[in-house]
Amino acid sequence: RVALPLLGRDVDHGVLAFSFASRQDFAKVSREALETVAGQCAQALDRASLFDSVRSAQHEVSVASERLRAVLQAAAIGTY
């Protein structure tokens, strides 16, 4: 079994684990390859988190914009 940390930019995402049916002896190149895979996975999780943050912020801006538009319309009509 091999377990590698998924170290993100600002947060640790968890662990990437591999299980094998039989004992494995990893050469340095194999260990480095597995560490590279774990690093790529951590970067992908970072990007997914950033994407979610951007979408959430865009939604909040849209809601605030609609509220402002409604207030301005009401003020223009004089019913505010």
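This is a predicted model: local features need pLDDT of at least 70, side-chain atom pairs count only at pLDDT 80 or more; totals for chains, interfaces and linings use all residues.

Visitor: How many salt bridges does a search of the whole structure find?

Guide: The search finds two, and one of them links Glu66 with Arg69, whose closest N and O atoms lie 2.5 Å apart. These residues are separated by about one helical turn, because they are three residues apart in helix H1. Glu66 counts as partly exposed because its relative accessibility is 46%, and Arg69 is also partly exposed, at 40%.

Visitor: Which residues make up the largest nonpolar core?

Guide: In soluble globular proteins, nonpolar side chains tend to be buried together. Here the largest nonpolar core has seven residues, namely Val2, Leu4, Leu6, Leu16, Leu34, Ala38 and Ala42. Strand E1, residues 2-7, and helix H1, residues 28-77, each supply at least two residues of this core.

Visitor: Which residues of E1 lie on its covered face, and which on its uncovered one?

Guide: In a regular strand the side chains alternate between the two faces of the sheet. In E1, the covered face has Val2, Leu4 and Leu6, whereas the uncovered face has Ala3, Pro5 and Leu7.

Visitor: What joins E1 to strand E2?

Guide: Six bridges join E1 to E2, residues 12-18, and the two strands run antiparallel, with Ala3 standing opposite Ala17 in E2. A hairpin of four residues also connects E1 to E2.

Notes:
Residues are numbered from 1 along each chain as its sequence is written. Side-chain values use heavy atoms; hydrogens and water are left out. A nonpolar core is a set of buried Ala, Val, Leu, Ile, Met, Phe, Trp, Tyr and Cys residues joined through side-chain atoms within 4.5 Å. Buried means under 20% relative accessible area, exposed over 50%, partly exposed in between (1.4 Å probe, protein chains only). Two strands pair if DSSP finds at least two bridges between them. A salt bridge is a side-chain nitrogen of Lys or Arg within 4 Å of a carboxyl oxygen of Asp or Glu.
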